[in-house]
Amino acid sequence: MALNVFDHDEYRPPVWKSYLYQLQQEAPHPRRVTCTCEVDNRPKYYGREYHGMISREEADQLLSQAEGSYLIRESQRQPGTYTLALRFGSQTKNFRLYHDGKHFVGEKRFESIHDLVTDGLITLYIETKAAEYIAKMTINPIYEHVGYTTLNQEPTLKKHVPRGQEAPDGPAPIRDDSNAEERLTSLVRRATLRESDMVPKYEKVHNFKVYTFRGPHWCEYCANFMWGLIAQGVKCADCGLNVHKQCSKVVPNDCQPDLRHVKKVYSCDLTTLVKAHNTKRPMVVDMCIQEIEARGLQSEGLYRISGFSELVEDVKLAFDRDGEKADISSSTYEDINIITGALKLYFRELPIPLITYDAYPHFIESAKITDAEKRLESLHEALKLLPPAHCESLRYLMAHLKRVTQFEKENLMSSENLGIVFGPTLMRAPELDAMTALNDIRYQRLVVETLITNEDVLF
């Protein structure tokens, strides 16, 4: 199977390492030790593996026959609590067992005790047999060759055919190519992605979530097998990258969101949206501002007067459904206040505000400075704290609002009035008490007013 990947010094096509996969196949299988007599007060969610209140010594004797044997007992020290006793490595291991609709001893939750024990035996076996190997998994990852870092080199695309021999730094590869294409899809996409030279390469952290993979899966960072029955690793909700939980801590902040995963425009992280659509700014911001400047700069009360809420929601749905193809022209929405309302709603619904939670205190402190020159210096430093996509969108918005103020005689909207409207829209206090948040409103207004007035100096 030929793959399109970037040419790279000493590059070798991805080889999925089979060592951990082989270990999973070798792990002991669960052997339920059933109780031969009736046990009073057996919890309804346990079966015949429940032995009631027996001692550790009795459990140890019952489990001594085979690796993987397990039973459940009620604790003698703490009646009403339950212990999973499991035979592994010629020893009996005891785990406090919980049930909240699912069974668990740690973070993972299982539908059945059998699945819990199966996963536990796999994890114990692999982490015992391959502790040193696992500790070194992140060294020399294939991600360095196939990941986004290759994008910056703009090399010529070249076809490579995966070699059949063993990789020099790992065990023999799995030779089953039946689902190789599926496993490589994300990596190949990453290797062949190209960005326009006109679009800045914004940095974005991956949005990793714990994920249960169906069927065998390999980590797209280190190329090692992702072991276990459930929650074997994490998946980026924005770009689909699949990695071990420990590998996720060293993956570069180079998420390239995939439109298959980014299904909304509103309520979507701003950097995620612009990277997914390969634009400098969210299309909502560009399209709404262009429409407003084409036909609304002289409209009285621009941004202050609200459009009909149902139609504003209609515009939102149009962007979520059609993206840049959404029709917001005058023939569809004659009232310009519907477009201004849709733009304000976009900023209000950002999960991370345009002026981010991290930067918020610095902007508020800047607004408290009475000396105008020092306030500008402080705001200039605060702007450096914003993610690049946020800063670019803020710059574009402030330049637009400054043009709005140039028609103040007609629209009656000064920089102060626009500050009142946009202060709470662009800035949200991070978990402050109600009184502090209320006191911040005047400083939010002053921040936006100053940004508008001095847009040409600050950006």
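A pocket is an open set of points on a 1 Å grid over the protein atoms alone, where a 1.4 Å probe fits, with protein on both sides within 12 Å along at least five of seven lines; lining residues have an atom within 4 Å of a point. A volume is the space filled by probe spheres set on the points, joined across faces, edges and corners.

This is a predicted model: local features need pLDDT of at least 70, side-chain atom pairs count only at pLDDT 80 or more, and totals for linings use all residues. Residues are numbered from 1 along each chain, and side-chain values use heavy atoms, without hydrogens or water.

**Exercise 1.** Describe the largest pocket.

*Solution.*
- Start with space: about 750 Å³.
- Next, count the lining: 27 residues. Lys 108, Asp 119, Thr 123, Glu 127 and Ala 231 lie nearest the centre.
- Now find the elements. Helices (H or I, at least four residues) and strands (E, at least two) are DSSP runs, numbered from the N terminus. β4 (82–88), α3 (113–129), β9 (233–236) and α7 (245–248) each supply at least two residues. α3 gives the most, with seven.

**Exercise 2.** Describe how α11 packs with α16.

*Solution.*
- Locate the helices: α11 spans residues 336–348, and α16 spans residues 415–426.
- Take the geometry. Axes are lines fitted to C-alpha atoms over the stretch in contact, and angles run from 0 to 180 degrees between N-to-C directions. The angle is about 35°, and the axes are 8 Å apart.
- List the contacts (heavy atoms within 4.5 Å). Lys 344, Phe 347 and Arg 348 in α11 meet Val 421, Phe 422, Thr 425 and Leu 426 in α16.
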